[in-house]
Structure formats: structure tokens, C-alpha cells
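Take a look at the model first.

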Amino acid sequence: MDNKNNTKYFIGMVVAMLIWGVAWTSGKAAVEHSTPEIAAFWRYAISFLSILPVIWYMKTRLKTNTIGFLYMLGAGILSAVFNYLFFAGLSHGQAGYGGTMVTSIAPIITYLLSIMIFGIVVTKKQIFALGIGILGSLILLRVPFEGFAFLNINSSYFLACAIVWAMITIFSQKASKRADPMFYTLVVFGVTGFINMLFALPSHPFDFSALDLVFWINIIFIGVFSGTFAMTLFFMSASKIGAHRTGVFMFIVPVGAIISSYFAYNEKIVLSTVLGCLLSFVAVLLFNMKSKTEKSKILSV
């Protein structure tokens with residue numbers, strides 16, 4: 001497809017990524033005015049409700065098979081875990097660092113899991129790319145500078161987020177062959193919201209008097225804009241520019257996270273975070289730059 005015609009889709013992808021980045025800072029504000037359980041529930045409850053009219057307007061085909069549904073159910077359960085870890089991590093750690101760490105490390109873990117679980121055939125160039133990615137991940141975790149000090153409450157949640165998100169990505173890739181992406185998103189939003197509600201009930205999430213305006217402004221932003229709006233932009237743009245290019249765009253997320261957290265919380269931008277992110281970006285770029293003779297095969301399930 002012509003690059004000129006693709007411009008609006010590239011812009012759409014950039015906007016979606018920036019919104020996802022700002023969501024980390026907004027999420028920190030929301031959890032500061034509630035609890036991780038309550039914030040996790042309302043985030044996806046709002047996303048689920050706001051995506052319904054989009055599904056209706058786009059006349060999305062609400063159909064899949066049993067295997068597709070199981071993939072969506074699994075992704076929903078994992079998404080509920082990720083959602084809790086997201087807010088729990090933000091209640092302890094920095095938004096900019098969390099957004100950078102998860103976005104940069106998750107693709108590397110995804111590739112490694114795909115190789116081990118689905119038997120992806122990799123080239124020497126891709127192995128080299130993974131090496132760069134692993135180095136970037138270690139720098140992001142500050143291992144060369146602080147050893148295993150990253151295994152603390154501030155970083156452990158974000159590392160767990162990256163691992164869970166990698167698993168969600170694999171489920172998404174498998175489900176995409178069996179269901180419309182928007183239908184997949186609807187089901188995942190619904191399952192995630194329901195599971196997070198069960199865990200939020202002891203904290204009384206429907207006690208609206210206990211939740212202030214700051215919480216609602218931020219949770220609505222995350223639910224509607226980061227959830228429904230950005231996700232719709234992402235799927236529409238990805239379908240036009242090609243799935244193989246979307247991984248690279250994910251590295252715009254840290255830009256939104258770092259800049260917004262700098263202005264909102266005066267979080268300092270450290271060299272290790274920038275360097276680790278750049279190395280991970282190079283790794284994803286190299287991994288996806290395949291020649292015509294280089295092919296990767298994923299065993300069907």
C-alpha cells in the first residue's frame with residue numbers, strides 16, 4: 001500500500017501509543033486516590049461499557065470457535081492479573097520507569113516464549129537481536145549497576161507485568177486467527193472487568209462517596225481513551241500498516257510515560273532507562289527486519 005495513504009494510520013498508531021504512555025501516569029494518580037483492587041475493576045468496567053457502542057457501530061462479527069473462546073478466556077484471566085499488577089506497581093513505583101520497563105522487556109520475553117513454546121525458527125540475525133534485547137532488559141533492570149537490587153517491591157511488580165503481558169500477547173496472536181480483533185477485545189475487557197470486580201468487592205468499589213473527582217477523571221481517561229479509543233485506533237492502524245510493524249511502535253509508549261510522569265510527578269529520567277529502552281527498540285527492529293528468504297514458522301495449535 002502506498003506510503004502516502006498510510007500516513008493517517010501511522011499517525012493513528014503514534015497517538016494510540018502516546019495515550020498508552022500517559023495512562024501509566026494517570027494510573028498512578030488513580031491508585032493514589034483509591035486501592036489497586038478498586039482501580040483495576042473500574043478501569044476495565046469502563047472500558048467494557050465504552051467499547052459496546054463501538055462494536056455496534058463497526059458491526060463487528062461476534063463469532064469464534066471453542067478454541068478461540070478459550071484463548072480469549074485465557075487472555076482475560078491474564079489481563080486481570082496484569083491489571084492488578086499494573087496498579088499495585090504504580091502504588092509503589094514510578095510511572096515513567098514502569099511504562100518503559102514493561103513496554104521494553106515484554107517484546108523480548110514474547111519472542112523467547114514463542115521460540116520455546118511454539119517452535120519459532122530463528123535466524124542468526126534474530127538470535128543476535130535477542131541478545132541485544134536481553135542486554136537492554138538487564139540495563140533497564142539496572143543489573144550492571146545494582147546487581148539484583150531490582151528484586152524489590154518497586155520493580156518486581158513491573159517485571160511481573162512484562163512477563164504476564166508477553167503471555168497475553170501470545171494468546172492474542174493465536175486468538176486473532178479465530179475472531180475479529182474488536183470482538184476479542186470486548187470479551188477480554190468483559191472477563192477482566194468481572195474477575196477484577198470479584199477481588200475488589202471486599203474494598204467496596206461501589207461506595208462512590210469514597211472515590212473523589214481526581215480518581216474518576218483519571219480512571220475514565222484510562223478506561224475510555226487508553227482502553228477503548230486507543231485500542232480501536234491500534235487495531236484499525238495495525239490492519240493497514242501490517243502486524244510486523246506494530247511491535248516497533250510500542251517503543252513510543254515510554255515517551256508518553258516518561259514525559260507525562262516528569263511533568264506530573266517530577267520523576268527524573270535516568271540514563272539506564274533511556275539506554276535500555278533504545279537497545280530493546282533496536283532488538284525489536286532487527287528481529288522484524290526479515291529478508292525475503294527468511295521465514296519464521298509457528299506450529300499451529
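This is a predicted model: local features need pLDDT of at least 70, side-chain atom pairs count only at pLDDT 80 or more; totals for chains, interfaces and linings use all residues.

Residues are numbered from 1 along each chain as its sequence is written, and side-chain values use heavy atoms, with hydrogens and water left out.

**Helix H5**
- Helix H5 covers residues 124-140, 17 residues in all. Helices are DSSP runs of H or I with at least four residues, numbered from the N terminus.
- H5 reaches 24 Å from its first C-alpha to its last, close to the 24 Å expected at 1.5 Å a residue. The expected span is 1.5 Å times one less than the number of residues.
- Buried residues of H5 include Gln126, Leu130, Gly133 and Ile139. Buried means under 20% relative accessible area (1.4 Å probe, protein chains only).
- The buried residues of H5 pack against helices H4 (95-118), H6 (143-146) and H12 (271-288).
- Arg142 follows H5, and its phi is positive, near 65°.

**Ser261 in helix H11**
- Ser261 lies in helix H11 (residues 253-265).
- Ser261 counts as buried because its relative accessibility is 1%.
- Its side chain reaches the backbone oxygen of Ile258 at 3.0 Å.

**Val253 in helix H11**
- Val253 is also placed in H11, and its 2% relative accessibility is why Val253 counts as buried.
- Val253 and Trp20 are 233 residues apart in sequence but 6.0 Å apart in space, C-alpha to C-alpha.
- Not counting residues up to four places away in sequence, Val253 touches Met17, Trp20, Gly21, Trp24 and Thr103. Contact means heavy atoms within 4.5 Å.

Definitions and conventions: Helices (H or I, at least four residues) and strands (E, at least two) are DSSP runs, numbered from the N terminus. Buried means under 20% relative accessible area, exposed over 50%, partly exposed in between (1.4 Å probe, protein chains only). A polar contact is a pair of N or O atoms within 3.5 Å; within protein, one must be able to donate a hydrogen and the other to accept it, and residues adjacent in sequence count only if both atoms are side-chain atoms.
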